[in-house]
Amino acid sequence: MLSQRFVSLLAIPGQKPAVLFSNPDNLQKGGKDGAPGATRDRKNVTVRLSEDNGKTWAAKRSVESGMSAYSDLALAKDGTWLIADIKAHASYEENVEKLTRFAVVFHSLDSDPVGPIRSGRTQDIALLGSLNQPLFAWSGGNANVTKAIRGSDLVDLSPSSTGNDG
C-alpha cells in the first residue's frame with residue numbers, strides 16, 4: 001500500500017476486532033496554529049485505536065514526537081502490529097513470503113542510515129521501475145531475480161555490483 005496524505009489504517013481481525021489509524025497529530029505550521037484543512041508540519045506521529053469500526057477512538061499514543069514523514073501500519077503473523085515511521089517521500093508495504101516488509105523511496109532528502117537492506121524480488125522492478133532509473137540498494141537475490149533486476153531500469157547498488165563497498 002502506498003502511504004498517502006501521511007496516514008495509515010489497519011483493520012485487526014479477531015474476536016474483538018479493532019482498527020488502528022496513524023497520522024501526524026499536529027495542528028501547527030511553522031510553530032503557529034494552522035487553519036482547518038491547511039497543510040501542517042508533519043510531527044508527533046500518533047496511533048489511535050477504535051473498537052467500533054472507526055466511529056470513536058478509545059485510545060491514542062504518540063509514537064514519535066519529532067518531525068516525521070510517512071507512517072505505515074502492518075500486522076505480523078503473531079498478531080503484533082507494527083509501525084514504520086519513515087522519513088522518506090514514499091513508502092510501500094510489500095507482502096513477501098507471508099511477511100510484511102517496507103520499501104521506501106528517498107527523493108530530494110538524504111536518509112539517515114537505513115537497514116537492514118534485504119534481498120531483491122521481481123516485484124521490486126514493477127514497484128519502482130516507473131521512477132526513472134532509481135538507485136536500488138539490495139543485498140542480492142537468486143539468479144533469476146538478479147538477472148531481472150540487472151536487466152531493468154533500476155540502478156543496481158548490491159554489494160556484488162559495488163565491489164562489496166555498498
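Q133 is exposed, with a relative accessible area of 51%; here buried means under 20% relative accessible area, exposed over 50% and partly exposed in between, with a 1.4 Å probe and protein chains only. Q133 is found in the loop between α1 and β11, and its phi is near 60 degrees, a positive value in a residue other than glycine. Helices (H or I, at least four residues) and strands (E, at least two) are DSSP runs, numbered from the N terminus.

N132 also has its place in the loop between α1 (122-128) and β11 (135-136). The relative accessible area of N132 is 65%, so this residue counts as exposed. Its phi is near 65 degrees, again a positive value in a residue other than glycine. Most residues other than glycine have a negative phi.

## Basis of the model

The model is predicted: local features need pLDDT of at least 70 and side-chain atom pairs count only at pLDDT 80 or more, whereas totals for chains, interfaces and linings use all residues. Residues are numbered from 1 along each chain as its sequence is written, and side-chain values use heavy atoms, with hydrogens and water left out.

## Overall composition

The secondary structure of the chain comes to two helices and 12 strands. Read along the sequence, these elements follow the pattern β-β-β-β-β-β-β-β-β-β-α-β-α-β.

Of the 166 residues in the chain, 30% are buried. Among contacts with a separation of 6 or more, 34% are between residues 24 or more positions apart; contact means heavy atoms within 4.5 Å. The accessible surface of the chain is about 10700 Å², and carbon and sulfur atoms contribute 52% of that area. Accessible areas come from the Shrake-Rupley method with a 1.4 Å probe, and for residues only the protein chains shown count as cover.

## Strand β2 and its partners

Strand β2 is largely enclosed by the rest of the structure, because six of its seven residues are buried. Strand β1 (residues 8-12) pairs with β2 in the antiparallel sense over five bridges; two strands pair if DSSP finds at least two bridges between them. In this pairing, S8 stands opposite S22 in β2. The two strands form a hairpin with five residues between them, and G14 in the turn has a positive phi of about 140 degrees.

Strand β2 is also joined to β5 by six bridges, and these two strands run antiparallel. Here V19 stands opposite S50 in β5.

## Surroundings of I12

I12 lies in strand β1. With a relative accessible area of 18%, I12 is buried. Not counting residues up to four places away in sequence, I12 touches P17, A18, L20, L75 and W81. The C-alpha atoms of I12 and A74 are separated by 9.4 Å, although these residues are 62 residues apart along the chain.

## Aromatic pairs

A search of the whole structure finds two aromatic pairs. F21 and W57 form an aromatic pair that is tilted, at 5.9 Å centre to centre and with 45 degrees between the planes. The pair links distant parts of the chain: F21 belongs to strand β2 (residues 18-24), while W57 is in the loop between β5 (43-50) and β6 (59-67), 36 residues apart. Rings of Phe, Tyr and Trp (its six-membered ring) pair if their centres lie within 6.5 Å; planes under 30 degrees apart count as stacked, over 60 as edge-to-face and the rest as tilted.

F21 counts as partly exposed because its relative accessibility is 22%. W57 is likewise partly exposed, at 36% relative accessibility.

S158 has its place in the segment after β12 (155-156). This residue is buried, with a relative accessible area of 1%. Not counting residues up to four places away in sequence, S158 touches F136, W138 and R150.

L135, V155 and L157 form a nonpolar patch on the surface, with about 240 Å² of accessible area together. Patches are made of residues with over 30% relative accessible area and no salt bridge; like charges are joined within 9 Å and nonpolar side chains (Val, Leu, Ile, Met, Phe, Trp, Tyr) within 5 Å. A salt bridge is a side-chain nitrogen of Lys or Arg within 4 Å of a carboxyl oxygen of Asp or Glu. Within this patch, L135 has its place in strand β11 and is exposed, with a relative accessible area of 63%.
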